[in-house]
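This briefing concerns the fold, the sheet pairing and the nonpolar cores of one protein model. Please consult the sequence and structure shown here before reading the points that follow.

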Amino acid sequence: MRERGQGSVEWIGLVAVVCLTMVGLAAAGVRAPGAGLARALASRMLCAAALADGCGDEPTLIATYGDEIGRLVRRHMPTVLLEKDSRALPVDFRRCRATACGDGTPRGLVRLTDEGDHVTAFVHVVDCRDGPGAESAPGEDIALPHAAPDCSGPRAGHLYIQYWLYYADSATLRGVPVAEHEGYHHDDWESVQIRVAGDGSVDERASSHHGYNYAQSLANAGSDLGFDPLREAAEAVGARPHDGWGPETHALYVSGGSHAGNASGSLGDVDRIVPGRRVHLVPLEPVAAAEGDAYRFVVSPPWRKRVWRDPEATGTN
(Lines give C-alpha, C1' and ligand atoms only; values in the text may rest on other atoms or scores of the structure.)
Protein backbone atom coordinates (compact mmCIF):
# COMPACT_ATOMS: atom_id res chain seq x y z
CA MET A 1 0.00 0.00 0.00
CA ARG A 2 2.82 2.36 0.88
CA GLU A 3 4.54 1.67 -2.45
CA ARG A 4 1.31 2.34 -4.38
CA GLY A 5 0.85 5.56 -2.45
CA GLN A 6 4.38 6.68 -3.18
CA GLY A 7 3.95 5.75 -6.83
CA SER A 8 0.83 7.89 -7.00
CA VAL A 9 2.66 10.86 -5.54
CA GLU A 10 5.60 10.35 -7.88
CA TRP A 11 3.25 9.91 -10.84
CA ILE A 12 1.41 13.14 -10.05
CA GLY A 13 4.75 14.89 -9.71
CA LEU A 14 5.91 13.55 -13.08
CA VAL A 15 2.62 14.56 -14.73
CA ALA A 16 2.94 18.02 -13.22
CA VAL A 17 6.49 18.46 -14.56
CA VAL A 18 5.50 17.31 -18.05
CA CYS A 19 2.38 19.47 -18.11
CA LEU A 20 4.10 22.56 -16.79
CA THR A 21 6.84 22.06 -19.41
CA MET A 22 4.19 21.90 -22.16
CA VAL A 23 2.45 24.99 -20.90
CA GLY A 24 5.77 26.80 -20.48
CA LEU A 25 6.84 26.01 -24.05
CA ALA A 26 3.48 27.18 -25.36
CA ALA A 27 3.69 30.40 -23.36
CA ALA A 28 7.21 31.00 -24.69
CA GLY A 29 5.95 30.72 -28.26
CA VAL A 30 7.75 27.47 -29.06
CA ARG A 31 5.89 25.71 -31.87
CA ALA A 32 5.94 21.96 -32.13
CA PRO A 33 3.83 19.32 -33.90
CA GLY A 34 0.60 18.72 -32.02
CA ALA A 35 1.03 21.83 -29.86
CA GLY A 36 -2.72 22.40 -29.65
CA LEU A 37 -3.35 18.86 -28.49
CA ALA A 38 -0.47 19.13 -26.04
CA ARG A 39 -1.99 22.26 -24.53
CA ALA A 40 -5.35 20.56 -24.19
CA LEU A 41 -3.88 17.48 -22.53
CA ALA A 42 -1.68 19.57 -20.26
CA SER A 43 -4.56 21.72 -19.09
CA ARG A 44 -6.81 18.75 -18.37
CA MET A 45 -4.10 16.78 -16.56
CA LEU A 46 -3.12 19.77 -14.45
CA CYS A 47 -6.76 20.25 -13.58
CA ALA A 48 -7.06 16.62 -12.56
CA ALA A 49 -3.96 17.00 -10.39
CA ALA A 50 -5.50 20.14 -8.82
CA LEU A 51 -2.57 22.24 -10.02
CA ALA A 52 -4.32 24.44 -12.56
CA ASP A 53 -5.83 27.84 -11.77
CA GLY A 54 -9.30 26.34 -11.96
CA CYS A 55 -11.07 23.18 -13.05
CA GLY A 56 -14.02 24.81 -14.79
CA ASP A 57 -14.05 25.86 -18.43
CA GLU A 58 -10.53 27.30 -18.62
CA PRO A 59 -8.95 24.08 -19.98
CA THR A 60 -11.48 24.06 -22.84
CA LEU A 61 -10.85 27.72 -23.59
CA ILE A 62 -7.08 27.16 -23.64
CA ALA A 63 -7.46 24.08 -25.83
CA THR A 64 -9.55 26.09 -28.32
CA TYR A 65 -7.75 29.44 -28.36
CA GLY A 66 -4.32 28.74 -26.89
CA ASP A 67 -2.98 29.66 -23.49
CA GLU A 68 -2.80 33.45 -23.87
CA ILE A 69 -6.19 34.07 -25.50
CA GLY A 70 -7.90 31.36 -23.45
CA ARG A 71 -6.94 33.12 -20.24
CA LEU A 72 -7.89 36.53 -21.65
CA VAL A 73 -11.32 35.16 -22.55
CA ARG A 74 -11.85 34.02 -18.99
CA ARG A 75 -10.44 37.23 -17.47
CA HIS A 76 -12.51 39.69 -19.51
CA MET A 77 -15.93 38.07 -19.11
CA PRO A 78 -17.86 40.90 -17.42
CA THR A 79 -20.16 40.64 -14.44
CA VAL A 80 -23.78 40.45 -15.60
CA LEU A 81 -26.15 42.81 -13.80
CA LEU A 82 -29.84 42.17 -14.47
CA GLU A 83 -32.63 44.71 -14.19
CA LYS A 84 -35.18 44.54 -11.37
CA ASP A 85 -38.23 42.32 -11.77
CA SER A 86 -36.66 40.23 -14.55
CA ARG A 87 -36.30 36.45 -14.35
CA ALA A 88 -34.63 35.33 -17.61
CA LEU A 89 -31.00 34.20 -17.62
CA PRO A 90 -28.64 33.47 -20.53
CA VAL A 91 -28.40 29.71 -21.03
CA ASP A 92 -26.93 27.03 -23.31
CA PHE A 93 -29.37 26.79 -26.22
CA ARG A 94 -28.38 23.16 -26.75
CA ARG A 95 -29.94 22.34 -23.39
CA CYS A 96 -32.64 24.94 -22.88
CA ARG A 97 -34.85 26.98 -25.22
CA ALA A 98 -37.80 27.78 -22.96
CA THR A 99 -38.49 30.12 -20.06
CA ALA A 100 -39.34 27.10 -17.88
CA CYS A 101 -35.66 26.14 -17.78
CA GLY A 102 -34.18 29.58 -18.48
CA ASP A 103 -35.68 31.62 -15.63
CA GLY A 104 -33.94 32.10 -12.30
CA THR A 105 -34.25 33.69 -8.90
CA PRO A 106 -35.50 37.30 -8.99
CA ARG A 107 -32.77 38.69 -6.72
CA GLY A 108 -29.30 38.16 -5.29
CA LEU A 109 -26.20 36.40 -6.61
CA VAL A 110 -27.03 33.95 -9.38
CA ARG A 111 -25.18 31.25 -11.28
CA LEU A 112 -27.90 28.68 -12.00
CA THR A 113 -31.45 28.81 -13.31
CA ASP A 114 -34.30 27.45 -11.19
CA GLU A 115 -33.93 24.19 -13.13
CA GLY A 116 -30.21 23.97 -12.35
CA ASP A 117 -28.82 25.03 -15.74
CA HIS A 118 -25.64 27.15 -15.69
CA VAL A 119 -25.68 30.78 -16.69
CA THR A 120 -23.79 30.53 -19.98
CA ALA A 121 -22.05 32.76 -22.50
CA PHE A 122 -20.74 31.55 -25.85
CA VAL A 123 -17.40 32.93 -27.03
CA HIS A 124 -16.15 33.99 -30.46
CA VAL A 125 -12.64 35.39 -30.95
CA VAL A 126 -11.42 37.52 -33.86
CA ASP A 127 -7.65 37.97 -33.71
CA CYS A 128 -6.48 40.82 -35.93
CA ARG A 129 -3.11 41.32 -34.26
CA ASP A 130 -1.10 39.88 -37.15
CA GLY A 131 -2.03 42.80 -39.37
CA PRO A 132 -4.69 43.73 -41.90
CA GLY A 133 -6.66 41.06 -43.68
CA ALA A 134 -8.59 41.16 -46.91
CA GLU A 135 -11.65 43.38 -47.07
CA SER A 136 -15.02 41.96 -48.02
CA ALA A 137 -15.59 41.65 -51.75
CA PRO A 138 -18.81 43.16 -53.14
CA GLY A 139 -21.65 40.69 -52.73
CA GLU A 140 -19.55 38.33 -50.62
CA ASP A 141 -21.50 36.40 -47.98
CA ILE A 142 -19.53 37.32 -44.88
CA ALA A 143 -22.03 35.80 -42.43
CA LEU A 144 -20.72 32.25 -42.55
CA PRO A 145 -18.95 30.29 -39.79
CA HIS A 146 -16.01 29.45 -42.05
CA ALA A 147 -15.54 32.94 -43.55
CA ALA A 148 -12.17 34.57 -42.89
CA PRO A 149 -12.33 37.54 -40.51
CA ASP A 150 -12.16 41.08 -41.83
CA CYS A 151 -9.06 42.59 -40.21
CA SER A 152 -8.69 45.50 -42.59
CA GLY A 153 -8.39 49.18 -41.72
CA PRO A 154 -8.94 50.14 -38.06
CA ARG A 155 -9.44 46.49 -37.06
CA ALA A 156 -5.78 45.62 -37.66
CA GLY A 157 -3.72 45.13 -34.51
CA HIS A 158 -6.69 44.43 -32.23
CA LEU A 159 -7.95 41.31 -30.48
CA TYR A 160 -11.74 41.04 -30.29
CA ILE A 161 -13.58 38.82 -27.82
CA GLN A 162 -17.32 38.44 -28.35
CA TYR A 163 -19.47 36.97 -25.57
CA TRP A 164 -22.84 35.80 -26.91
CA LEU A 165 -25.79 35.35 -24.57
CA TYR A 166 -28.85 33.33 -25.56
CA TYR A 167 -32.25 33.90 -23.97
CA ALA A 168 -35.29 31.72 -24.67
CA ASP A 169 -37.36 34.72 -25.74
CA SER A 170 -37.52 38.51 -25.90
CA ALA A 171 -40.40 40.65 -24.66
CA THR A 172 -39.54 44.32 -25.06
CA LEU A 173 -43.02 45.47 -24.02
CA ARG A 174 -43.66 42.82 -21.36
CA GLY A 175 -46.27 44.07 -18.91
CA VAL A 176 -47.64 46.74 -21.26
CA PRO A 177 -51.38 46.13 -21.79
CA VAL A 178 -52.43 45.21 -25.34
CA ALA A 179 -49.02 46.08 -26.83
CA GLU A 180 -46.90 43.48 -25.01
CA HIS A 181 -47.36 40.80 -27.69
CA GLU A 182 -46.10 43.17 -30.40
CA GLY A 183 -42.62 43.20 -28.91
CA TYR A 184 -42.37 39.46 -28.34
CA HIS A 185 -40.39 36.81 -30.21
CA HIS A 186 -38.80 33.44 -29.47
CA ASP A 187 -34.99 33.20 -29.29
CA ASP A 188 -32.90 36.22 -28.39
CA TRP A 189 -29.18 36.55 -29.07
CA GLU A 190 -27.37 39.44 -27.35
CA SER A 191 -23.68 40.16 -26.96
CA VAL A 192 -21.05 42.07 -25.06
CA GLN A 193 -17.83 42.64 -26.96
CA ILE A 194 -14.28 43.40 -25.86
CA ARG A 195 -11.59 45.06 -27.98
CA VAL A 196 -7.99 44.71 -26.78
CA ALA A 197 -5.77 47.22 -28.58
CA GLY A 198 -2.11 46.76 -29.37
CA ASP A 199 -1.17 49.24 -26.66
CA GLY A 200 -3.01 47.18 -24.03
CA SER A 201 -6.04 49.46 -23.69
CA VAL A 202 -9.39 47.67 -23.58
CA ASP A 203 -12.77 48.86 -24.85
CA GLU A 204 -16.23 47.38 -24.43
CA ARG A 205 -19.67 47.65 -26.03
CA ALA A 206 -22.96 45.76 -25.80
CA SER A 207 -25.75 44.93 -28.22
CA SER A 208 -28.92 46.95 -27.77
CA HIS A 209 -31.82 46.30 -30.15
CA HIS A 210 -30.39 47.04 -33.64
CA GLY A 211 -27.04 48.53 -32.65
CA TYR A 212 -24.27 48.69 -30.04
CA ASN A 213 -24.21 50.99 -27.02
CA TYR A 214 -21.95 51.85 -24.12
CA ALA A 215 -24.23 53.66 -21.66
CA GLN A 216 -27.96 54.26 -21.46
CA SER A 217 -28.80 57.55 -23.20
CA LEU A 218 -31.36 59.13 -25.50
CA ALA A 219 -28.43 59.67 -27.87
CA ASN A 220 -28.51 55.90 -28.53
CA ALA A 221 -31.87 56.15 -30.33
CA GLY A 222 -30.28 55.95 -33.78
CA SER A 223 -28.23 52.93 -32.76
CA ASP A 224 -31.25 51.20 -31.19
CA LEU A 225 -33.31 51.76 -34.35
CA GLY A 226 -30.51 50.78 -36.70
CA PHE A 227 -30.69 54.25 -38.31
CA ASP A 228 -27.06 55.02 -39.16
CA PRO A 229 -27.42 58.74 -40.09
CA LEU A 230 -28.95 59.50 -36.68
CA ARG A 231 -26.31 57.41 -34.90
CA GLU A 232 -23.50 59.12 -36.80
CA ALA A 233 -24.92 62.55 -36.00
CA ALA A 234 -24.96 61.77 -32.27
CA GLU A 235 -21.38 60.54 -32.45
CA ALA A 236 -20.26 63.60 -34.43
CA VAL A 237 -21.32 65.93 -31.61
CA GLY A 238 -19.86 63.67 -28.91
CA ALA A 239 -23.23 62.59 -27.52
CA ARG A 240 -22.22 58.91 -27.64
CA PRO A 241 -18.93 57.04 -28.17
CA HIS A 242 -17.99 55.97 -31.70
CA ASP A 243 -19.76 52.73 -32.68
CA GLY A 244 -20.69 52.21 -29.03
CA TRP A 245 -17.13 51.51 -27.84
CA GLY A 246 -15.97 52.89 -24.48
CA PRO A 247 -13.40 51.98 -21.79
CA GLU A 248 -13.95 48.51 -20.35
CA THR A 249 -16.12 48.50 -17.23
CA HIS A 250 -16.05 44.74 -16.53
CA ALA A 251 -19.85 44.98 -16.32
CA LEU A 252 -22.83 44.20 -18.55
CA TYR A 253 -26.13 45.84 -17.59
CA VAL A 254 -29.08 43.89 -19.00
CA SER A 255 -32.55 45.37 -19.42
CA GLY A 256 -35.51 43.22 -18.45
CA GLY A 257 -37.71 41.92 -21.25
CA SER A 258 -35.63 42.93 -24.26
CA HIS A 259 -32.24 41.98 -22.73
CA ALA A 260 -30.67 45.03 -24.41
CA GLY A 261 -27.27 45.69 -22.89
CA ASN A 262 -24.99 48.52 -21.83
CA ALA A 263 -21.46 48.53 -20.43
CA SER A 264 -22.31 51.30 -17.97
CA GLY A 265 -25.46 51.72 -15.89
CA SER A 266 -26.99 52.23 -12.46
CA LEU A 267 -26.82 49.69 -9.66
CA GLY A 268 -30.09 51.13 -8.40
CA ASP A 269 -31.85 49.35 -11.25
CA VAL A 270 -30.24 45.96 -10.51
CA ASP A 271 -31.70 43.10 -8.48
CA ARG A 272 -29.56 40.16 -9.64
CA ILE A 273 -25.84 39.78 -10.25
CA VAL A 274 -23.90 37.01 -12.00
CA PRO A 275 -20.14 37.43 -11.32
CA GLY A 276 -18.13 37.03 -14.50
CA ARG A 277 -16.12 34.19 -13.01
CA ARG A 278 -19.38 32.28 -12.42
CA VAL A 279 -20.52 32.46 -16.05
CA HIS A 280 -19.91 29.20 -17.91
CA LEU A 281 -18.00 29.99 -21.13
CA VAL A 282 -18.34 27.85 -24.26
CA PRO A 283 -16.23 28.39 -27.43
CA LEU A 284 -18.77 28.95 -30.20
CA GLU A 285 -16.61 28.36 -33.28
CA PRO A 286 -16.67 24.53 -33.09
CA VAL A 287 -20.37 24.55 -32.19
CA ALA A 288 -21.22 26.76 -35.17
CA ALA A 289 -19.09 24.73 -37.58
CA ALA A 290 -20.33 21.30 -36.48
CA GLU A 291 -23.89 21.89 -35.28
CA GLY A 292 -24.95 25.36 -36.38
CA ASP A 293 -27.17 24.30 -39.29
CA ALA A 294 -28.94 21.76 -37.09
CA TYR A 295 -30.68 24.56 -35.17
CA ARG A 296 -33.34 26.99 -36.30
CA PHE A 297 -33.76 30.36 -34.62
CA VAL A 298 -36.32 33.13 -35.07
CA VAL A 299 -33.45 35.64 -35.07
CA SER A 300 -30.10 35.12 -36.76
CA PRO A 301 -27.57 33.25 -34.58
CA PRO A 302 -24.13 34.83 -34.05
CA TRP A 303 -22.42 32.89 -36.84
CA ARG A 304 -24.91 34.31 -39.35
CA LYS A 305 -24.39 37.94 -38.29
CA ARG A 306 -22.06 40.37 -39.99
CA VAL A 307 -20.21 41.11 -36.74
CA TRP A 308 -19.08 37.45 -36.58
CA ARG A 309 -16.56 38.27 -39.31
CA ASP A 310 -16.41 42.06 -39.07
CA PRO A 311 -15.85 42.90 -35.37
CA GLU A 312 -16.42 46.61 -36.03
CA ALA A 313 -19.85 46.16 -37.64
CA THR A 314 -22.42 48.65 -36.37
CA GLY A 315 -25.57 46.57 -36.85
CA THR A 316 -26.74 43.45 -35.03
CA ASN A 317 -28.20 41.63 -38.06
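Beyond residues up to four places away in sequence, Val279 touches Asp57, Arg74, Met77, Val80, Val119, Thr120, Ala121 and Val274; contact means heavy atoms within 4.5 Å. The model is predicted: local features need pLDDT of at least 70, side-chain atom pairs count only at pLDDT 80 or more, and totals for chains, interfaces and linings use all residues. Residues are numbered from 1 along each chain as its sequence is written, and side-chain values use heavy atoms, with hydrogens and water left out.

*Cores*

- Val279 is listed with Val73, Val123, Tyr163, Val274 and Leu281 as having the most contacts inside the largest nonpolar core, which has 30 residues. A nonpolar core is a set of buried Ala, Val, Leu, Ile, Met, Phe, Trp, Tyr and Cys residues joined through side-chain atoms within 4.5 Å.
- Two or more residues of this core come from each of several elements, including helix 3 (58-65), helix 4 (67-76), strand 1 (79-83) and strand 5 (184-196). Strand 4 gives the largest share, five residues.
- A second, separate core has 19 residues, among them Phe93, Tyr166, Trp303 and Trp308.

*Overall composition*

- The protein has nine helices and 12 strands; these are DSSP runs numbered from the N terminus, with helices being H or I of at least four residues and strands E of at least two.
- Of its 317 residues, 47% count as buried, that is, under 20% relative accessible area, with a 1.4 Å probe and protein chains only.
- Among contacts with a separation of 6 or more, 68% join residues 24 or more positions apart.

- Five strands form an open sheet of mixed pairing, in the order 2-11-1-9-10; two strands pair if DSSP finds at least two bridges between them.
- Strand 2 (108-109) and strand 10 (261-262) each have a single partner strand, so one side of each edge strand is left without a neighbour in the sheet.
- The pairing of strand 2 with strand 11 (residues 270-274) is parallel, over two bridges, and Leu109 has Ile273 in strand 11 as its bridge partner.

*Arg231*

- Arg231 lies in helix 7 (residues 228-236) and is buried, with a relative accessible area of 5%.
- Apart from neighbours within four places in sequence, Arg231 contacts Gly222, Ser223, Arg240, Asp243 and Thr314.

Conventions. Buried < 20%, exposed > 50% of the residue type's maximum accessible area, 1.4 Å probe, protein only.
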